[in-house]
Amino acid sequence: MSNYSEIIIIGAGAAGLFCAAQSAKSGKQVTIFDNGKKIGRKILMSGGGFCNFTNLDVTSQHYLSQNPHFVKSALARYTQWDFIAMVAEYGIAYHEKELGQLFTDEGAEKIVAMLETECNKYHVNIQLRQQISHVEQVEYHDKARFKLVANGQTWYCRSLVIATGGLSMSGLGASPFGYQVAEQFGLSIITPRASLVPFTWRETDKFYSALSGIALPIVATAQCGKSFANNMLFTHRGLSGPAILQISNYWQPNEAVEIDLLPQQSITEFLRQLRIASPNLWLKNALVKVLPKKLIELWLEQHLIQDQVIAQLSKAGLQQLEDFIHHWQFLPNGTEGYRTAEVTMGGVDTKQISSKSMECNKIKGLYFIGEVVDVTGWLGGYNFQWAWSSAYACAMALADT
């Protein structure tokens with residue numbers, strides 16, 4: 001037995017659900033397939049369960065892609081204000097956490113429920129626990145372009161939308177399916193890698209794992225010159241926290257990341273002034289005034305610094321502290337990988353996709369939206385906004401087919 005749907009969307013995540021609702025709203029017959037037991041699994045896990053659904057400040061500068069201009073059209077056509085208006089219309093309470101980041105007050109379930117309500121309102125057919133074993137182009141009664149086999153059943157559709165996301169959070173059903181479909185149809189893939197992801201220790205730095213749980217404000221700078229100021233968190237495995245996740249997008253293997261552990265003041269100036277006021281103060285007691293005590297004790301224990309009366313600090317000693325505290329050259333062993341990565345960098349090459357419609361330039365009726373595309377946003381709601389914007393651009397194009 002075969003089935004027909006004007007539009008089939010593969011992936012019931014943020015982009016897939018939003019595209020489905022917006023497409024069905026225009027009167028199209030829409031079916032979504034997903035391999036999971038429930039919709040919006042990654043949404044539910046995001047933002048500590050409170051879903052950082054967008055940001056008050058969204059520009060193309062907040063995204064990485066081989067084609068940096070690709071995001072501009074979709075972001076302009078469906079903005080953060082459009083999605084915020086929808087959230088408000090549903091009575092979902094939200095707050096700004098920091099740096100324009102918007103989170104729900106009562107949990108990510110509210111966003112998933114909103115998307116599900118929109119899908120139900122416009123009669124989207126949601127098919128869960130579906131394993132798709134076959135996709136091909138066909139000619140079928142002049143109205144179908146694609147044939148799919150899902151759980152042994154054959155389906156036909158006029159338009160096929162791939163919204164399967166990337167490889168991050170593999171425990172939530174992430175798979176390379178979207179990339180495989182792209183390659184099957186001759187599209188090239190920008191090599192995927194874990195993004196917005198913690199770094200891991202080299203063997204020589206593993207002593208820092210004793211600081212697990214300690215956070216402090218820093219500035220992290222990649223070798224390309226990009227910097228982020230935010231908190232850093234020591235973990236058993238390495239370094240995490242917002243500043244580290246952000247800089248991971250700009251880090252390349254075997255490169256060091258420069259970390260300023262005291263960005264709010266100069267350690268040299270601080271010690272110079274303290275030497276005048278309290279010349280007999282020991283260095284340890286001086287440093288714990290501005291940095292975590294456990295960090296200072298670990299440095300002393302590892303003989304990375306030497307405790308002494310600050311009046312006896314030489315010019316060379318001051319310079320050494322300056323370099324150590326403001327210019328720590330941290331060389332990661334690597335990252336924690338897809339298991340803990342927020343998103344996947346790389347994906348379907350945007351040169352092969354229309355920035356206005358998300359349709360493949362050479363394959364009529366085939367669309368790619370959301371994370372599966374080579375577009376990666378900063379931490380802070382930008383990846384969700386890309387999901388909403390790219391899904392909307394696609395839905396508007398589908399409405400005209």
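Is E297 buried, partly exposed or exposed? E297 is partly exposed, at 32% relative accessibility, where buried denotes under 20% relative accessible area, exposed over 50% and partly exposed in between (1.4 Å probe, protein chains only). The model is predicted, with local features requiring pLDDT of at least 70 and side-chain atom pairs pLDDT 80 or more, whereas totals for chains, interfaces and linings use all residues. Residues are numbered from 1 along each chain as its sequence is written, and side-chain values use heavy atoms, without hydrogens and water.

In the whole structure, 12 salt bridges were found, each defined by a side-chain nitrogen of Lys or Arg within 4 Å of a carboxyl oxygen of Asp or Glu. One of them pairs E297 with K284, with the closest N and O atoms 3.7 Å apart. Because E297 belongs to helix α10 and K284 to helix α9, this pair ties together parts 13 residues apart in sequence; helices here are DSSP runs (H or I, at least four residues) and strands likewise (E, at least two), numbered from the N terminus. K284 is also partly exposed, at 25% relative accessibility. Salt bridges with shared partners join R237, E336 and R339 into one network.

A further salt bridge joins E6 and K28 (3.7 Å, N to O). This pair links distant parts of the chain, 22 residues apart: E6 lies in strand β1 (residues 2-10) and K28 in the loop between α1 and β2 (30-33). E6 is partly exposed at 26% relative accessibility, whereas K28 is buried at 13%. E203 and K206 also form a salt bridge (3.3 Å, N to O); E203 is exposed, with a relative accessible area of 63%, and K206 is partly exposed at 41%.
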